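Trainee: Please take one part of this model and go through it closely. Give the cut-off behind each term as you use it.

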Amino acid sequence: MTFLLRAANGLDRFAGGCGRLLGWLTLAMVLIQSLVVALRYGFDGGSLALQDAVTYLHGAAFMLGLAYALQAGAHVRVDVIYRTLSARGKAWVDAVGCLIFLLPLCAFIAVGGWYFAANSWAVHETSNSADGLGGVYLLKSLIPLAAAALALQGLSQFARALNTLMQVEAEAARQHAAVAPTQVKEQPRALVREAAGTMREAAGEAGA
């Protein structure tokens, strides 16, 4: 296994861990939302803190799920042309798309999210409601973290695409090396046959 594949597998394991955490966050969000509904309609009560918790969990699940969705191929993509390409063509599309589109977008989100989260940390931002859940700055800190995780998964796809291109080129080189000796062997034989034919013609003219 090459270094590129080992690095890609390590990044995939990280994205898989985010996906498993996403599943637990989604389960907790469903349970808390069910509790909020039961309190409101069953006991004519409620809790703003629980409602904020659902919002926090939903935001965390969305942010942490970006890298896992990219690994699982769940992001929306237009594959009308992509699905008709060869393995080499798909690898080129993945590599170029990662370098030109994905990584610059992640850098833009990370920089913007960093300042956004830093301003929230500076004032220890809390909920707008008096009874709401605090720690809004923790939730906003997930924005640059999600961009970093998405960039790492993009690097994993870039590594796999680069490995595919290297394998295709290596296979083409092996095929060329297998064909070249045959051509070299056939060329002297053709020259020998041509020389023999020339000698026979000369001998025939001499005999005449």
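Mentor: A residue is called buried under 20% relative accessible area, exposed over 50%, and partly exposed in between, with a 1.4 Å probe and protein chains only. Leucine 155 has a relative accessible area of 39%, so it is partly exposed. The model is predicted: local features need pLDDT of at least 70 and side-chain atom pairs pLDDT 80 or more, while totals for chains, interfaces and linings use all residues. Numbering runs from 1 along each chain as its sequence is written, and side-chain values use heavy atoms, without hydrogens and water.

Helices here are DSSP runs of H or I with at least four residues, strands are runs of E with at least two, and both are numbered from the N terminus. The protein chain has five helices and zero strands, and read along the sequence its pattern is α-α-α-α-α. Buried residues account for 27% of its 208 residues.

H3 itself has 37 residues, and its first and last C-alpha atoms are 51 Å apart, close to an expected 54 Å; the expected span is 1.5 Å times one less than the number of residues. At cysteine 98, H3 bends by about 45 degrees, the bend being the angle between axes fitted to the seven residues ending at a residue and the seven starting there. Cysteine 98 is also buried, as are Gly89, Ala91, Ala95, Leu102, Cys106, Gly113, Ala117 and Ser120 in H3. An α-helix has 3.6 residues a turn, so residues three or four places apart point the same way.

H2, residues 48–72, reaches 35 Å with 25 residues, close to the expected 36 Å, and has a kink of about 45 degrees centred on leucine 66. H1, residues 3–42, has 40 residues that should span 58 Å, and its end C-alpha atoms are 58 Å apart, so the two values agree.

Leucine 155, which is found in H5, is 57 residues from cysteine 98 in sequence but 7.5 Å from it in space, C-alpha to C-alpha. With neighbours within four places left aside, leucine 155 is in contact with Leu11, Cys98 and Leu103, where contact means heavy atoms within 4.5 Å. In the chain, 73% of contacts between residues at least 6 apart in sequence join residues at least 24 apart.

A pocket is an open set of points on a 1 Å grid over the protein atoms alone, with protein on both sides within 12 Å along at least five of seven lines; lining residues have an atom within 4 Å of a point. The largest pocket holds about 650 Å³. Its lining comprises 28 residues, and the closest to its centre are Leu70, Arg77, Asp94, Leu102 and Gln157. Two or more lining residues come from each of H2, H3 (87–123) and H5 (142–207), with H3 giving the most, 10 residues. By class, 15 of the lining residues are nonpolar, eight polar and five charged; Ala, Val, Leu, Ile, Met, Phe, Trp, Tyr, Cys and Pro count as nonpolar, Asp, Glu, Lys and Arg as charged, and the others, Gly among them, as polar.

Arginine 77 is placed in the loop between H2 and H3. Its relative accessibility is 47%, so it counts as partly exposed, and, residues up to four places away aside, it touches Tyr82 and Asp94.

Most residues other than glycine have a negative phi, and most peptide bonds are trans. Histidine 124 has a positive phi, near 50 degrees, and is partly exposed because its relative accessible area is 47%. Positive phi values also follow H1, at aspartate 44, near 55 degrees, and H2, at glycine 73, near 70 degrees.

Lysine 140, in helix H4 (residues 136–140), is in contact with Phe116, Ala117, Ser120 and Glu125, leaving aside neighbours within four places. Of these, Ala117 and Ser120 are among the buried residues of H3. Lysine 140 counts as buried because its relative accessibility is 16%. Between lysine 140 and alanine 60 there are 9.3 Å, C-alpha to C-alpha, for a separation of 80 residues in sequence.

Terms used
1 Å grid on protein atoms, 1.4 Å probe; cavity = no way out; pocket = protein on both sides within 12 Å on 5 of 7 lines; lining within 4 Å. Points joined across faces, edges and corners; volume = space filled by probe spheres on them.
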